[in-house]
Amino acid sequence: MTITTTSSERTVDLAKVLRQHEIEQFYYYESALLDDHRYDEWIELFADDVHYFMPIRRTMTRRQLGREFTKPGEMAFFDDDKELLRTRVEKLSTGTAWAEDPPSRTRHLITNVRVEDTDASELVVHSNFYLYRTRLKSAVDEWVGRREDTLRRVDGDLKVARRFIYLDQTILQSANLSNFF
């Protein structure tokens, strides 16, 4: 359905507006699950064949920008499938993950959600994130970057089939990388 407003003669595709809203709500729900330490529910937002990847960023000259991020199969902070993600979630629930006992306090902020117009059955979605984490009494870590997700509908629900996480930082100041993006 399209709606044309006479005051500005702008056409709005209602289906795209509703899709945008659904995707944003999906990301807000995901962020709340992570911030509330509800990792067992969070892992269910991922497709069984998910690729969760965070490459290492290197400072390069303008000519070498194509090599700024490592590629799948090269060194990375994360290069996980669902089984490995589930293993990380299970470890957190045991209480024996020293990096998360006591647990971190996090806030995941997702902005600039942009959905690519494609005819494919999967949606390519770009977003920016800010992840704030505080631990113990005074440890504070912040990560800023962007994500490129592929979302797929499985049994009527959106699932993350691919997540590539690109940090703006080249050097991580945090003592560990035990959180999810």
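These are my notes from looking through the structure above.

**Ground rules.** I am working with a predicted model, so I kept to its limits: local features need pLDDT of at least 70, side-chain atom pairs count only at pLDDT 80 or more, and totals for chains, interfaces and linings use all residues. Residues are numbered from 1 along each chain as its sequence is written, and side-chain values use heavy atoms, with hydrogens and water left out.

**Overview.** The order along the sequence is β-β-α-α-β-β-α-β-β-β-β. I boxed the C-alpha atoms along the principal axes and got roughly 60 × 45 × 35 Å. Of the 181 residues, 39% count as buried (under 20% relative accessible area; exposed is over 50%, partly exposed in between, with a 1.4 Å probe and protein chains only). I also looked at contacts (heavy atoms within 4.5 Å): among those between residues at least 6 apart in sequence, 56% join residues at least 24 apart.

**Strand β3.** I went to residues 46-55 next. Seven of the ten residues of β3 are buried, so the strand is largely enclosed by the rest of the structure. Which strands pair with β3? I counted pairing as at least two DSSP bridges between two strands. β8 (residues 157-167) pairs with β3 in the parallel sense over four bridges, and His51 stands opposite Arg162 there. β4 (residues 76-80) pairs with β3 in the antiparallel sense, also over four bridges, with Asp79 as the bridge partner of Phe53.

**Rings.** I listed 13 aromatic pairs. My criterion takes rings of Phe, Tyr and Trp (its six-membered ring) with centres within 6.5 Å; planes under 30 degrees apart are stacked, over 60 edge-to-face, and the rest tilted. Phe46 and Tyr52 make an edge-to-face pair, 6.1 Å centre to centre with 75° between the planes.

**Charges over rings.** Here I wanted NZ of Lys or CZ of Arg within 6 Å of the ring centre and within 35 degrees of the ring normal. Arg146 lies over the face of Tyr166, 4.2 Å from the ring centre. Arg147 has its charged end over the ring of Tyr27, 4.9 Å from the centre.

**Helix α3.** I checked its length: the 13 residues (82-94) should span 18 Å at 1.5 Å a residue, and the end C-alpha atoms are 19 Å apart, which agrees. The expected span is 1.5 Å times one less than the number of residues. Which residues of α3 are buried? I have Lys82, Leu85, Arg88, Val89 and Leu92.

**Thr150.** Last, I looked up Thr150, which lies in β7 (residues 139-154). Thr150 is buried at a relative accessible area of 10%. Leaving out residues up to four places away in sequence, Thr150 touches Glu122, Leu123, Val124, Lys159, Val160, Ala161 and Arg162.

How values were computed. Helix = DSSP H or I, 4+ residues; strand = E, 2+ residues; numbered from the N terminus.
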